[in-house]
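Please look over the sequence and the model below before reading on. The paragraphs after it are meant to be read with the structure in view.

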Amino acid sequence: MADILPGNIPASADTDPALITIAAKVQRKERITDEDALLLFEKGSLAFVGSLANMVRERLHGDTTYFNRNFHIEPTNVCVYSCHFCSYSRVYAHRDEGWELSLDQMMDIVKSYDGKPVTEVHIVGGVHPKMNLEFFAELMRTIKAHRPELHIKGFTAVELDYMFRKAKKTVEEGMRYLHEAGLDSLPGGGAEIFHPEIREQICADKVDGTGWLQIHETAHKLGMYTNATMLYGHIENYHHRVDHMSRLRELQDKTGGFNTFIPLKFRNKENDMSHVAESSVVEDMKMYAIARIYLDNFPHLKAYWPMLGRQNAQLTLSFGVNDIDGTIDDTTRIYSMAGAEEQTPSMNTAQLVTLIKQARRKPVERGTLYNVIRDYSGMDIKEIETNPLLN
Ligand code: V47
Ligand code: SF4
């Protein structure tokens, strides 16, 4: 028979006492150690880690679950790098399989949202040798001249590292330049797994873990917020995951500049790692739960629904997640090309609100920096569907 510890932690007579000790720490709002996190991965049941994560989530956010209205621009899928997990990039030699958008073509995408209530553009793509710092600074300036209030979240540390080095700028000089041109914040991509044992096997040629962290630290120093990701569920083991999260937690203690952690489930279609099996749903939910418990200084945990699928994203709302990203509007190909269920990722406001309400949570639209735009909890779905200002 299961006993219930204070705080609703399910434990039975055969629960490892070390797990009970960890649960007690979390209840007392104490930080867990790397060893604790490893033990949760190795021995914690989904119910056990899930209820702990849910306690942390509700302590931080109650039922509030954020989404935003956003679209992506993917300037190119041509890339000088050759990450083995990537289904998206086409190497520079095979240009016929790739796309590269001109500044005007990207502005046409921005203009197609004129009059629509989007608040964020997320710009991310391959590392094209000819799309340089000046080209992207001009893009920032042109977007801001057209729509000043649109938040630009753009460029992974991998793209930034390449464009700064090519422009012969230090990270600080390059970052300042793009920030002044209009770049508001950085997405969390390119982090993959920091540990060199794994990084050297899956993405040896791009910026290393230390370089990724330095770029985010510099952005934080300039007052910009950023996100962090981790590509999990391939050839790494639990200790590599903990090491990755530990480096993020350490930097966050120093700067406080991370908003959100986004675990990204490895998808295995059409890439050099197709022989590696994908993780199970149980593993996925445990990953979210343990991230929520371990990263006590990260305000938010996001499930990116185009990669996970909307049903699994809905499930994460019971395992620590308080944000499911945005409307997307079918403007990204990264995950559909890697075999994700969402082949044309797009959800309107009513669908996102329904998904969150079905999980018995409170849907709140946010800006990129988690400023509250609208609480939808008291609104009728029909009212949302028929209001042009909300779609
Ligand atoms: O760094 C590439 C990942 C990332 C695969 O900050 C793959 O709000 C799984 O970082 N299977 C880019 N993942 C996307 C990204 C992101 C997405 C949404 C929101 C935010 C944010 C950031 O996509 C890459 C890489 O880790 N990725 N290939 C694959 N086969
Ligand atoms: Fe290029 Fe990014 Fe793909 Fe790596 S993950 S090959 S850096 S597009």
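The model is a predicted one, and the domain assignment divides the protein into domain 1, residues 17-61, and domain 2, residues 66-386. Taken over C-alpha atoms, the centres of domain 1 and domain 2 lie 27 Å apart, and the contact draws on 22 residues from domain 1 and 29 residues from domain 2.

Between domain 1 and domain 2 an area of about 2,200 Å² is buried, with carbon and sulfur atoms giving 66% of it. On the side of domain 1, the residues that lose the most area to domain 2 are Arg31, Phe41 and Arg57, which together make up 35% of what that side buries.

Across the same interface of domain 1 and domain 2, eleven residue pairs are in polar contact, with both residues at pLDDT 80 or more. The side of domain 1 that touches domain 2 receives at least two residues from each of α2 (34-43) and α3 (46-61), and α3 gives the most, with eleven residues. By class, that side of domain 1 has twelve nonpolar, five polar and five charged residues.

Definitions and conventions: Residues numbered from 1 in each chain as written. Chains lettered and ligands numbered in written order. Predicted model: local features only at pLDDT ≥ 70, side-chain atom pairs only at ≥ 80, totals over all residues. Heavy atoms only, no water. Domains from an automatic or database assignment. Contact = heavy atoms within 4.5 Å. Buried area = accessible area lost by both parts, 1.4 Å probe. Polar contact = N/O pair within 3.5 Å; in protein donor to acceptor, adjacent residues only side chain to side chain. Helix = DSSP H or I, 4+ residues; strand = E, 2+ residues; numbered from the N terminus. Nonpolar A, V, L, I, M, F, W, Y, C, P; charged D, E, K, R; others polar.
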